[in-house]
Amino acid sequence: MPPYRPLDAQVIPRFAGIRTFMRAPHVTELEGVDAAALGIPFDTGTSYRSGPRFGPEAIRSASALLRPYHPVHAVNVVEALSIVDYGDLPVSPGDIERTYAQVEDALAPIVDAGVFTLAMGGDHSVTLPELRALARRHGPLALVQLDAHADTWESYFGQKYFHGTTFKRAAEEGLLDPAASVQAGIRGSVYAETDLDVSRELGFTVIPSEELRALGAEGYARLVRERVGERPVFLSFDVDFLDPAFAPGTGTPEIAGFSTAEAVAYLRALRGIRLVGCDVVEVSPPYDGAGQQTALAGANVLWEVLALRALRP
């Protein structure tokens with residue numbers, strides 16, 4: 001039966017009511033599976049505009065156009081990897097800690113089977129249970145984060161677990177090796193001069209958007225490789241890394257962001273890092289454009305990460 005391959009485009013009309021990532025089969029048996037796309041439809045952790053609970057569905061729909069061959073990396077992702085859509089993980093809207101437990105439990109068999117996880121959020125609070133599940137198998141991870149925000153606040157609205165506290169909690173819990181981790185694309189207004197000092201004090205390398213542009217894709221990739229080395233890497237892409245002109249469908253948009261072309265260049269330059277998991281978060285379809293360009297960007301980011309994984313399974 002395995003390996004699993006996406007359905008041929010000409011077969012799709014027979015399955016018009018089924019949306020899966022890249023038309024991959026919906027499978028929960030893990031034998032022979034290399035990579036599993038999965039949704040975490042949860043947005044209780046948002047601080048401004050909610051809606052990312054609908055992100056997985058929108059990303060899946062946008063991914064129907066994705067084709068298997070990556071011409072820049074010269075790899076056919078569906079020949080290199082057996083890819084499935086595992087479906088959505090269970091969540092409890094309104095209850096972050098219960099949702100964390102549900103996500104950790106649901107991810108455990110996938111991670112234990114050595115399957116590469118491509119998670120579709122959901123707000124950025126869902127990354128914490130992903131890291132918990134992966135760190136149990138791999139130990140402390142190196143984080144490669146592309147984001148407008150560092151998400152290392154102590155609390156928000158008096159809450160310890162929120163989409164703005166994820167990576168402070170992850171560092172405190174020993175899920176990440178901050179010295180091997182890079183947060184890039186950070187920009188926008190903050191509450192105090194010391195806001196970004198928290199990340200640096202935790203040990204993260206923080207690259208504000210102006211510095212990232214000055215580095216360029218290759219300079220950024222060199223810095224990332226120097227930091228991560230051969231450690232297992234989790235790549236987290238918050239769609240607000242993109243300028244709202246390219247990705248309006250997100251809860252906390254920040255102007256002066258990056259284009260989709262720039263984002264793709266930064267991702268492609270990361271060739272060779274040892275990826276063990278990734279997510280794309282904060283896609284909020286209620287605020288997207290008529291063409292669902294934010295969801296399309298999210299789907300393509302996952303495809304780019306799949307290609308990186310295919311180059312180094």
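Two strands count as paired if DSSP finds at least two bridges between them. With that in hand, the open sheet here has eight strands in the order E4-E1-E5-E10-E9-E6-E7-E8, paired in parallel. This is a predicted model, so to speak of local features takes pLDDT of at least 70 and side-chain atom pairs count only at pLDDT 80 or more, while totals for chains, interfaces and linings use all residues. Residues are numbered from 1 along each chain as its sequence is written, and side-chain values use heavy atoms, without hydrogens and water.

**The sheet**
- Strands (E, at least two residues) and helices (H or I, at least four) are DSSP runs numbered from the N terminus.
- E4 (83-88) and E8 (205-208) sit at the edges with a single partner strand each, so one side of each has no neighbour in the sheet.
- Three bridges join E6 (residues 142-146) to the parallel E7 (residues 182-186).
- In that region, leucine 146 stands opposite alanine 184 in E7.

**Helices H7 and H8**
- The axes (lines fitted to C-alpha atoms over the stretch in contact, with angles from 0 to 180 degrees between N-to-C directions) of H7 (residues 209-228) and H8 (residues 260-268) come within 8 Å and cross at roughly 45 degrees.
- That makes H7 oblique to H8, a label for angles left over once under 35 (roughly parallel), over 145 (roughly antiparallel) and 65 to 115 degrees (roughly perpendicular) are taken out.
- Leu212, Arg213, Gly216, Ala217 and Tyr220 in H7 meet Glu262, Ala265 and Tyr266 in H8, where contact means heavy atoms within 4.5 Å.
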